[in-house]
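These are my notebook entries on a two-chain model, written in the order in which I looked things up. I began with the backbone and then went on to the interfaces.

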Amino acid sequence: MDPDTNGGDGPRRNLFVKLRAFGRISSQLRWLNRLDPSNSSLAPQFSENQHDTPTFSTCSPICCSPGWCLRDQDPVDVEKELKLVTVSLKAGHFLLPSYKAKQPFGLIPCLEDGDLIVFESRAIARYLAEKYEGQGTPLLGKTLKERAIINQWAESEAQNFQPAIGPMVREAFVAAFGIRPVDEEVVAAGMKKLDQVLDVYEAHLAKGTKYLAGDDFSLADLFHTVYMNWMKSARPELLEKRPHLSAWIHDITTRPAFLRCLQLDWENASPIQ
Amino acid sequence: MAIIVHGAGFSTCTQRTLTTLAELNVNDYKLEFVDMMKGVHKSPEFLKKQPFGQIPVLEDGDIQIFESRAIIRYLAEKFEGQGTPLLGKTVKDKALVSQWLEVESQNYNPPTAQIVYQRVFSSMFGSSCNEDVVTEQVAKLEKVLDVYEAHLSNNKYLAGDFFSLADLSHLPYTYLLVNAAGKSDLITSRPHVSAWWNDISSRPTFQKVLGMNEFNKKE
């Protein structure tokens, strides 16, 4: 049960997330992509006294990353090794002492691996990539130099891309669930920032590498995928006149591992106690 | 070949990089001043190094990296085995360092940077302090610091009993929060956060880097 050892016979890994945010986000992202809010059988009912929902803002769209990261490591049998536990937004599970003992900020996701608990989705993904180094996709590259460039673009996602797109995705969700109308100023500000950031990405990818850090898919690309997946449907105009960006988005959002991640069976996951 | 850091001594993100170099006992490097007042960071030559027009950028032989949190990670990995073990020693240590680095990046830094920008930097860039923003962001930071207070009541440092990149990453902005933005009460009102802050900010490495601030240099 020692998380310090690599190995296929490790303990079951429990991925604690919110049903209404993780599972909902992945289904909501597909749902938003279809622009069909009437298909809301899965939609949570928000009460008027809705808690502050920080999970929508920063980490939620990357929630797919840990499960996806695991799936990208092909030899890891996700169905056998990964246990999903839902943390319901509607029921306020993220405020439960049992959850806060694991994630004191009350955010999702959270990973349990034996006696190790890790939160912050980018840290979880990195931990998994390091733990399973040598298996499946080399998400952290093979040399110190490759790793440095991967980390650079991974940080770019966190510091440049996500702050621009995060608020826009949040507006889309709160409006779609009828909490309040979209704040058009937030969207406009987001679009302006995104335009600048995406120009940089287009110019960078135009230099000829297939992926952000080189010719191999890495953690840097993975961190972008969930939001880019939303963006390509919700804001297709941002892809116009950016052919290299478009090609890259198409590539990363159609990877089998990502598509399998979107099909993770959250509906049948057990809730946190 | 020596390392070059393109940045500025007063820049928080440059300080993050310089403090890491000091912790790793790497003294053979050059700080190449990027004059942001003259817009050098937005010049075509600089944009070739850093397409978002930000500092710092690290050059190490044929490697060129931007984003300070990526730079410090690179340095900690390259110089692992010398100086302070900034990534810890075990797989578990490393996971917790990554976790608290992300907490700094995603929960602590956004409100702190906004408070510092409004109170300290806005006037430098031709704007004025928006106190509504300060109030809003202080409320957010208070909630984050409450979690830190509880966590640090059981842990000497963020990732456990060792100083790491995660603690280090907090140094530059927190220094300004406490000493220039007039919000020291956020730290001093929380005994464990206060003890942690006193510990990490008095490290000789950080004190040395503060001495490299161009605005503090005596004629």
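Where in chain A is the place of Pro109(A)? I found Pro109(A) in the loop between α5 (97-100) and β3 (110-113) of chain A, taking helices (H or I, at least four residues) and strands (E, at least two) as DSSP runs numbered from the N terminus.

Before going further I noted the conventions. This is a predicted model, in which local features need pLDDT of at least 70 and side-chain atom pairs count only at pLDDT 80 or more, while totals for chains, interfaces and linings use all residues. Residues are numbered from 1 along each chain as its sequence is written, chains are lettered from A and ligands numbered from 1 in the order in which they are written, and side-chain values use heavy atoms, with hydrogens and water left out.

**Backbone**

I looked up the peptide bond from Ile108(A) to Pro109(A) and found it to be cis, with omega near 0°.

**Record for chain A**

In UniProt, I found an unreviewed entry that lists residues 143-272 of chain A as "domain: GST C-terminal"; such positions are given in the numbering used here, feature names are shortened, and annotations may be inferred rather than shown by experiment. In the model, the end C-alpha atoms of this span lie 40 Å apart, and the span is 69% helix and 2% strand.

**Domains of chain B**

I took the division of chain B into domain 1 (3-85) and domain 2 (91-206) from bounds that come from an automatic or database domain assignment. The C-alpha centres of these two domains of chain B lie 21 Å apart. Their contact (heavy atoms within 4.5 Å) takes 15 residues from domain 1 and 18 residues from domain 2 of chain B. The area buried between them (accessible area, 1.4 Å probe, that two parts lose on being put together, summed over both) is about 1600 Å², of which carbon and sulfur atoms give 63%.

Across this domain interface of chain B I noted three salt bridges, each a side-chain nitrogen of Lys or Arg within 4 Å of a carboxyl oxygen of Asp or Glu. Glu23(B) forms a salt bridge with Arg203(B), and the closest N and O atoms are 2.8 Å apart. On the side of domain 1 that touches domain 2 of chain B, α1 (12-23) and α3 (68-78) each supply at least two residues, and α1(B) has the largest share, with seven residues.

**Chain A against chain B**

How many residues does the contact take from chain A and from chain B? I recorded 35 residues from chain A and 33 residues from chain B. The two chains bury about 3100 Å² between them, 61% of it on carbon and sulfur atoms.

I found two salt bridges across the interface of chain A and chain B, and I looked up the one that Glu77(B) forms with Arg147(A), where the closest N and O atoms are 3.4 Å apart. The elements that give two or more residues to the side of chain A that touches chain B are β4 (116-119), α6 (121-131), α7 (144-176) and α8 (184-206). Of these, α7(A) gives the most, with 14 residues.
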